[in-house]
Amino acid sequence: MSMVNLKINNMDVQVPAGTTILEAASSLNLKIPTLCYLKDINAIGACRICVVEIKGVKNLAASCVYPVAEGMEISINSERVLKSRKTNLELVLSTHNRRCLSCVRSGECELQELCKDYGIENETVFAGHNFEEIYDESAKHMVRDNSRCIVCRRCVAVCSKNQAVSVIGANERGFKTHIGCAFGAGLGEVECIGCGQCINVCPVGAIYEKDETDKVWAALHNPTKHVVVQTAPSIRTALGEEFGMPIGTNVQGKMAAALRRIGFKHIFDTDVAADFTIMEEASEFIERFTAGGTLPLITSCSPGWVEYCERFYPEFIPNLSSCKSPQQMLGALIKTYYAKQKGIDPKDIYMVTVMPCTAKKYEVARTEGNAVEGIFDCDVSITTREFARMIKRAGIDFVNLPEESFDNPFGESSGAGDIFGRSGGVMEAALRTASEWISGKPLEKLEFEEIRGIKGIKEATYKVGDHEVKVAVVAGLANASQVLEDIKAGKRDYHFIEIMGCLGGCVNGGGQPIQTARTRAMVDVPGLRASVLNNQDKVKKLRLSHESPIVKQVYADYLGEPGKGKAHDILHTHYTKKERF
Amino acid sequence: MSKKVFPFKGTKEQEEQLNVLIKEHVGDSGALMPVLQGAQNIYGYLPLEVQRVVARGLNMPLSEVYGVVTFYAQFSLTPKGKHKIAVCLGTACYVKGAGDIFNRIKKNLGLDGNEDLTEDGLFSVDGCRCIGACGLAPLITVDEDVYGKITADDVDGILEKYKKAE
Ligand code: SF4
Ligand code: SF4
Ligand code: SF4
Ligand code: FES
């Protein structure tokens, strides 16, 4: 690799050719501010907040897209640079909503932070005519409020490049340029699949999840309701970030303690439901594999992926596992098995789910496949961010909470259930169980290394009993699209595929704590969160779903055999082709 | 932006022409612009129904097609009238009262706010950039006819001619 020598603020630095000035400065621990730039996703040089001065070059350069050259001399904070950045900020603010007090992102907004850093003393110097406000709340999971949008296009890039959904774009030109759907349609009218990835990359408060915490509070305050809660595997990997804890801190114990203090009757772990999902999905796989059913079997735990399949690849609906997601399975068990055990009318149970995912808001509202006629398996789904807001509103000192546990009967999961929260986890958990079932022998090694890690498409062939099983693990819908197209073209061929809507899996879901563009560029956020789950699995004695005592008990007392009778009735669902816009 | 919705009245022939056009360009990297120009020639404008066919035909997101259509002033989302009125809003015309003329035309035709096409489809009105005949400012064109050095009071008379001819 050829290297380039240059000077930044009079310091010598050597970087590989092709490096941008922004990255070169970063290697000296110098932060150049950015707004539109998002590593690997958006580099369009549009906002010009990142300008620097290059000796001998007339115009200031946008450092996020400007490559280094031999002998360059750069100042990243000359007088001219600082002035230009400040003016750019003032111009951004001229058409901005500016009501920080009522903005969800206040305190964690990239624009607000820059205004502080650059000493904006009057946010209305250039205040003029604001663009016609577009407030879109047509989607179930999120709101778009253009009055706070700075047209950086990070959301547009993630929706198209990572997710291959592309329902938002930049419309019109010049002063009228704004982000929206085709023909001014609402997000709820187009093929938005609800993943929320756009929210996670937005630098400001222009897009955010629909806050449903008021519904939870109302249920908690209603004495006739028996309010129970479940938390997905990946919540414990990220919730701490909302309280200033380092990325990758496991807060399972504090999380349980917080839920108890908020006032939930019983606190359950979605990880336990994941063990039930494995019982059903491993049986479904073995059944299809041995009896010549539709293959490849494709997982269905990720509601963003399921929506995507129904809209863009309906021809693969027969491949989708009929298993409900762990969230829905636990809801179903709570409204049937648990209700019966406790002698409570399922109508009086209110099931709250805490999920890393905005698409789960769609999943709870699905009318097909609910276990008890006329009532939903789960009543409301809130994201990690909404949950953090509840904790704050309840006045809980999260960081200093003691470590507490989940409640029985759905409180103790296997390690296989825990790893559901990261890409490759569902496949690994299913393979552990399917292998032991098919071969009748215990596995020597429980880690399936080939399908771990952050790559978007991973593949491997495993020997299961006497059979070769070809598997793929796919994360992010652009990757899913590529794999499905290749399958259609005969270029790929598998028996079993895990697909997650978001890169890295649920740990990186659209409902997780938001990290700035800079943090995302510097650290592997999904990887650190995933390591929490891998570590949790590694130290457990119970690492196989089918060995879980509660799983065995519920099948013996209530469900019967996986995939049949009662288990099939309440733990499975179906899917329908959906029209495109 | 609630504009009046005009029911789409595309014909089978138009659809065939569009499909042929798309086939000619599919696979080219710069296919979108020529296809949109051609589609606008076929239909006179680019409604959802047409943009959808273009998007699916070229295998690209509708949002991207719409972004391009709204970026370029040459493309129109609404149908044009039988008679197309253009009011020059270049600097010379503007300082000589083109704004008043524009408003008077809209008033005469009963068009509110963003509306630019009459209910009966007879007239559509648009502002346009300087057409290079500043000596005649302020001016408007109706189809191929140019009317220069007019005032707002001349508007009713000019439009009347076209209404009568129907
Ligand atoms: S987006 Fe940021 S700057 Fe704008 S109102 Fe919200 S917090 Fe304030
Ligand atoms: S939620 Fe996902 S699919 Fe919907 S607009 Fe955002 S990124 Fe695109
Ligand atoms: S909504 Fe957010 S991410 Fe999208 S363009 Fe606006 S400011 Fe950028
Ligand atoms: S132009 Fe470089 S961050 Fe926007």
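Predicted model: local features only at pLDDT ≥ 70, side-chain atom pairs only at ≥ 80, totals over all residues.
Figure 1. Gly169(A) belongs to strand E8 of chain A. The residue counts as buried because 23 other C-beta atoms lie within 10 Å, where the cut-off for a buried residue is 20 or more. Ala182(A) stands 13 residues from Gly169(A) in sequence, and the two C-alpha atoms are 7.7 Å apart in space.

**Figure 2. The contact between chain A and chain B.** On one side of this contact are 14 residues of chain A, and on the other are 10 residues of chain B. Strand E8 of chain A, residues 169-171, gives the most to the chain A side, with 3 residues. Sorted by class, the side of chain A that touches chain B consists of 7 nonpolar, 5 polar and 2 charged residues. The strand that holds Gly169(A) is this strand E8.

**Figure 3. Chain B and its two domains.** Chain B is divided into domain 1, residues 12-71, and domain 2, residues 83-165. Taken over C-alpha atoms, the centres of domain 1 and domain 2 of chain B are separated by 30 Å. Chain B contains 7 helices and 4 strands. Read from the N terminus, the order of these elements is α-α-α-α-β-α-α-β-β-β-α. Along the principal axes, the C-alpha atoms of chain B fill a box of roughly 50 × 30 × 30 Å. Chain B has 166 residues, of which 24% count as buried. Among the contacts in chain B with a separation of 6 or more, 64% join residues 24 or more positions apart.

**Figure 4. The buried and exposed faces of helix H19 of chain A.** Helix H19 of chain A spans residues 549-559, and its buried residues are Val551(A), Val554(A) and Leu559(A). These three lie on the same side of H19(A), because they cover an arc of only 70 degrees around the axis. The face turned away from the buried side carries the exposed residues Pro549(A), Lys552(A), Gln553(A), Ala556(A) and Asp557(A). Among the elements of chain A that cover the buried residues of H19(A) are helix H9 (270-291), helix H11 (326-342) and helix H20 (565-571). Just after H19(A) comes Gly560(A), which takes a positive phi of about 80 degrees.

**Figure 5. The residues around ligand 2.** There are 14 residues around ligand 2, and those that come nearest are Cys159(A), Val165(A), Cys192(A), Cys195(A) and Cys198(A). Helix H4 (154-162) and helix H5 (197-201) of chain A each supply at least two residues of this shell. The shell around ligand 2 has 10 nonpolar and 4 polar residues, and no charged residues.

Notes
Residues numbered from 1 in each chain as written. Chains lettered and ligands numbered in written order. Domains from an automatic or database assignment. Contact = placed C-beta atoms within 7 Å. Nonpolar A, V, L, I, M, F, W, Y, C, P; charged D, E, K, R; others polar. Buried ≥ 20, exposed ≤ 12 C-beta atoms within 10 Å, placed from the backbone. Arc of directions from axis to C-beta. Near = placed C-beta within 6 Å.
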